[in-house]
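Please go through the model below with this briefing at hand. The notes are grouped by topic.

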Amino acid sequence: MSASSSAAAAEAELLVHAAFNSTATHFVAATASGIRVFSCTPLKHVFSKGFVPSPDAGSRSRVITADLAPSGTLAAVVFRPDPSAAAPSDADDEGDRIRYCSVGLRGHLLRDDDISINSSTSSSCRVRAVRHEGGHVLVAGDGKTALHGTSSGRALKQCLEVDTGPNPLGVCALAEVRGGKQTVVLASPRPAKGQVQVCRRGSGGGRGVDVHAHRSSIVCVALSRDGRLLATASSKGTVVRIFTVADGNKVNELSIIHNKRKP
């Protein structure tokens, strides 16, 4: 094996992303060339899938992130064209693609489907994060975040789209509130620095709330399982704030103490 082939193989095995599903029963670990799915109780390897880069309209693709549906048997893998390869002839293939791998209880691949992300999801056709909850999937791009209704992992239709401005970290959160009134709650940055937009969609109403969370850029958001609380953190990294989703009021603030002792 040549030195260049060895370097390429080593790079392909670097971990590029790891994520739990929303119920924390499984997690997925992604490298540039494949994914591995594990169960948590007990800790056990469930499934592996390698993706050999192959020419596609003159380009090669690599894995950049992955996410798991709550069941842990459906993995969404995001592919991005290799920038060092020749540009594809078809402009529609220049953006990222999401592939869904449906896995059976014994680890056998049941289905392997490609879903194209059109330009309305992101101003540059780049997928920064994918989040699953119930029958919905949230896709965060560089300039927009889009909510889709799903069926067996296939994106059926776009339900909602919001502007976020640049979002290289893929900051977003999704919660599905079940009960008498089923409501989907999503959170993402606003274009204005330090602000978060919370949107509610479903039988519980379509209201939205703007939260003035920090003075610095938002780097992390999280929603409680019942969709009632929002936690935020900024690039300054000194405080985590918690807000009520219904009205955007702050209910708590946790300071992060940095250890300044010299080694």
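Predicted model: local features only at pLDDT ≥ 70, side-chain atom pairs only at ≥ 80, totals over all residues.

Residues are numbered from 1 along each chain as its sequence is written, and side-chain values use heavy atoms, with hydrogens and water left out.

**Overall make-up**

- The protein has one helix and 20 strands; helices (H or I, at least four residues) and strands (E, at least two) are DSSP runs, numbered from the N terminus.
- Of its 263 residues, 43% count as buried; buried means under 20% relative accessible area, exposed over 50%, and partly exposed in between (1.4 Å probe, protein chains only).
- The accessible surface of the protein is about 14000 Å², and carbon and sulfur atoms hold 52% of that area. Accessible areas come from the Shrake-Rupley method with a 1.4 Å probe, and for residues only the protein chains shown count as cover.
- Among contacts in the protein with a separation of 6 or more, 37% join residues 24 or more positions apart; contact means heavy atoms within 4.5 Å.

- Strand β14 spans residues 183-189, and seven of its seven residues are buried.
- Both faces of β14 are covered, with T183, V185, A187 and P189 buried on one side and V184, L186 and S188 buried on the other.
- On one pairing, β14 runs antiparallel to strand β13 (residues 173-177) over five bridges; two strands pair if DSSP finds at least two bridges between them. In this pairing A173 stands opposite A187.
- β14 also pairs in the antiparallel sense with strand β15 (residues 195-202), over seven bridges. Here T183 stands opposite G202.
- The hairpin of β14 and β15 has five residues between the strands, and G194 in this hairpin takes a positive phi near 80°.

**Residue A187**

- A187 lies in strand β14 and counts as buried because its relative accessibility is 0%.
- Between A187 and A173 the sequence separation is 14 residues and the C-alpha to C-alpha distance is 5.1 Å.
- Not counting residues up to four places away in sequence, A187 touches C172, A173, V196, Q197, V198, V221, L223 and L230.

**Nonpolar cores**

- In soluble globular proteins, nonpolar side chains tend to be buried together.
- The largest nonpolar core has 16 residues, of which A187, V196, V198, V211, V221, L223 and L230 touch the most other members. A nonpolar core is a set of buried Ala, Val, Leu, Ile, Met, Phe, Trp, Tyr and Cys residues joined through side-chain atoms within 4.5 Å.
- At least two residues of this core come from each of β13, β14, β15, β16 (208-212) and β17 (218-223).
- β17 gives the most to this core, with three residues.
- A second, separate core has 14 residues, including I35, V37, F47 and F51.

**Aromatic rings**

- Two aromatic pairs are found in a search of the whole structure. Rings of Phe, Tyr and Trp (its six-membered ring) pair if their centres lie within 6.5 Å; planes under 30 degrees apart count as stacked, over 60 as edge-to-face and the rest as tilted.
- F20 and F27 form a tilted pair, 5.5 Å centre to centre with 55° between the planes.
- F20 counts as exposed, at 54% relative accessibility.
- The pair of F27 and F38 is stacked, because the ring centres are 5.0 Å apart and the planes are at 15°.
- F27 lies in strand β2 (residues 26-31) and F38 in strand β3 (residues 34-40), so this pair ties together parts that are eleven residues apart in sequence.
- Both F27 and F38 are buried.
- Ring pairs link F20, F27 and F38 into a cluster.

**Cysteines**

- A search of the whole structure finds zero disulfides, a disulfide being a pair of cysteine sulfur atoms within 2.5 Å.
- C40 counts as partly exposed, at 23% relative accessibility.
- C220 is also partly exposed, with a relative accessible area of 41%.

**Residue V127**

- V127 lies in strand β9 (residues 127-133) and is buried, with a relative accessible area of 2%.
- V127 and I64 are 63 residues apart in sequence, and their C-alpha atoms are 8.9 Å apart in space.
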